Amino acid sequence: MKALKHLNKYFYKYRLRFILGLIFVTASNLFAVFPAQSVRIAIDLIQENLNLYQLYNGTSMQANVEHQVGWVLLYFSGLVLLFALIKGVFMYLMRQTLIVMSRFVEYDLKNEIFNHYQQLSLSFYRKNNTGDLMARISEDVGRVRMYIGPAVMYLMNLAVTIIVVVWAMFSVNIKLSIYVLIPLPILSYAIFYVNNIIHQRSDAIQSQLSKVTSFVQEAFSGMRVIKTFAVEDYSREDFETYADEYRNRSMDLAKVDATFFPLMVFLTGMSTLITIFVGGMLVISGDISIGNIAEFVIYVNMLVWPVASLGFTTSLIQRAAASQQRINEFLNTKPEIISDNDEPFIFEKSIAFKNVSFCYPNKTEYALKNVSFKVNRGDTLAILGTTGSGKSTIVQLLLRMMDVNEGDILYDEKDIKTINTKELKKQIGYAPQDVFLFSDTIANNISFGLTSDAQHIDELIKEASNNAALTSNINDMPNGFATIVGERGITLSGGQKQRVSIARALIKNPEILIFDDCLSAVDNKTESEILENLQRIMKGKTAFIISHRVSSVKDASHILVLDKGEIVEAGNHIDLLMKNARYAELYQSQLQEEVA
Ligand SMILES: Nc1ncnc2c1ncn2[C@@H]1O[C@H](COP(=O)(O)OP(=O)(O)OP(=O)(O)O)[C@@H](O)[C@H]1O
Ligand SMILES: [Mg+2]
């Protein structure tokens, strides 16, 4: 239950609504008690007048009594109707304030979680899968809302109803009240019990449903692979297994669900029976009137739902607490990358790695070992190396997606940890190795790199696409820049995607440009076109080019050859050829491939 404390700030924020809700709950309950009393008065009145009516049998007074009673009855039925209407209005207002409040809190909480997610470093996302992140912001928040809205509303209602009704009951007859109240705690417990089973089974359904969803989602996004390997039948069989399990679990729930209402009706019926039986005895002994029995039957009916809802509410609150606990777990995760310097940063001189070593968490082998280099502003540093040699790791560290284990990374001689990361990233244009495109237009995918206050966006997009050698491709598309690329860019070729991503990096006209192997899927002619453009636009600026191919790196001012996390060779193209070692070997073999 402690977990729910987190929500108190929201109750405080919406305290006015909360108090208003309480007032409406009380009012609606008062207007439910009055009709019960009216009914008692009316029945007792008829009872008395019935005697009178029989007394006047045969006289002209009889018609008079009949007439009078008729009017009184009409008056009371009007009253009951009016009270019911007023009660309805207050109930409407109660829901409007309390349920709406819960929607506000839901909105705030989702924003709080999403904002927090955005702050967290990549290592957090490596640890937790997307499904889990999604579940906490949607399902778990939904359950917490059930506590803030319905649960709180039912609890308020229960408290007020019990006070008002029990008070009204005890003021009539204590003995009858006690008899009538006895079955209610049993009702409450029974509902709590059944409801827990219902929740367990719906959780089982929910978890199966998320399996089905993930399966389907993966099948759809991997449809290309499924089709090319012709494994549709297996895929269908797998789906059937998941779906069967889902159906079985749904049937389990349906069975318990079916007992819920009969149980409620049975226990309510018991209460009413006891009221009439014990009440009847009391009428015979002259302790109460017939009207009182009718009044009590109405009270019992008023109590049943709130008391039943206690069982229901308790399990809602338990679930909300469990969900809030899960949410808190994430909210209490501190971002690993801390950047508390607000000063602006403009890159001016150099970037240096000093004896940097880095090991990914939960790995034993270092991804980078004692790496040192320095790049001056205006230079291009190329990094060449086999797969897994640590090239992308260098890039991740340059972007401060993670912090080094040993050594320092210096921008303008300042430790990267002392620079505001947002400011730093503003200076950097980055085309990652694995391209990610949003299911939006090409234009929006390119302009994604811009800040919101950018002007002449259309021209900037055109220029970036020219520099990325993309324009002729886009012109061939039916809607040009307005073409939607499909989910993750499914409608584009590998090379086209890479170039959209390059354009996205170029459009912000960055001081520092990082290309992580993002020319791997373009042909040689396009590659040299892009590299030529780069030489022009990156004049006086700094670039990092990462590649497997010598052709992409040979013009760089400095080349690092990386192997198993270590720099094994460094120098420019000519130096490295003269060494006649690894770089030269690579050059020869790639040259031969091209010729062949
Ligand atoms: N997120 C990660 N968690 C754990 N280990 C990782 C992670 N990313 C990379 N590694 C490991 O770190 C080493 C270096 O990986 P890196 O991605 O830097 O290689 P790379 O040179 O970019 O290779 P490629 O040319 O294939 O892109 C590899 O052994 C890899 O398995
Ligand atoms: Mg890489």
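Guide: In this predicted model, helix α3 (residues 61–119) packs against helix α10 (residues 290–331) at an angle of about 35°, and their axes are 10 Å apart. Helices here are DSSP runs of H or I with at least four residues, strands are runs of E with at least two, and both are numbered from the N terminus. Axes are lines fitted to C-alpha atoms, for helices over the stretch in contact, with angles from 0 to 180 degrees between N-to-C directions. The contact (heavy atoms within 4.5 Å) involves Leu109, Glu112, Ile113, His116 and Tyr117 of α3, and Gln324, Ile327, Phe330 and Leu331 of α10.

Next, the sheet. Six strands form an open, mixed sheet in the order β6-β7-β8-β3-β9-β10; two strands pair if DSSP finds at least two bridges between them. Because β6 (428–431) and β10 (566–571) each have a single partner strand, one side of each has no neighbour in the sheet. From one strand to the next the twist averages 15°. Strands β7 (residues 512–516) and β8 (residues 542–547) run parallel and are joined by five bridges, and Ile512 stands opposite Thr542 in β8. Helix α16 (residues 494–506) packs on the sheet and touches β6 and β7; its direction makes about 175° with that of β6.

Residues are numbered from 1 along each chain as its sequence is written, and chains are lettered from A and ligands numbered from 1 in the order in which they are written. Local features need pLDDT of at least 70, side-chain atom pairs count only at pLDDT 80 or more, totals for chains, interfaces and linings use all residues, and side-chain values use heavy atoms, leaving out hydrogens and water.
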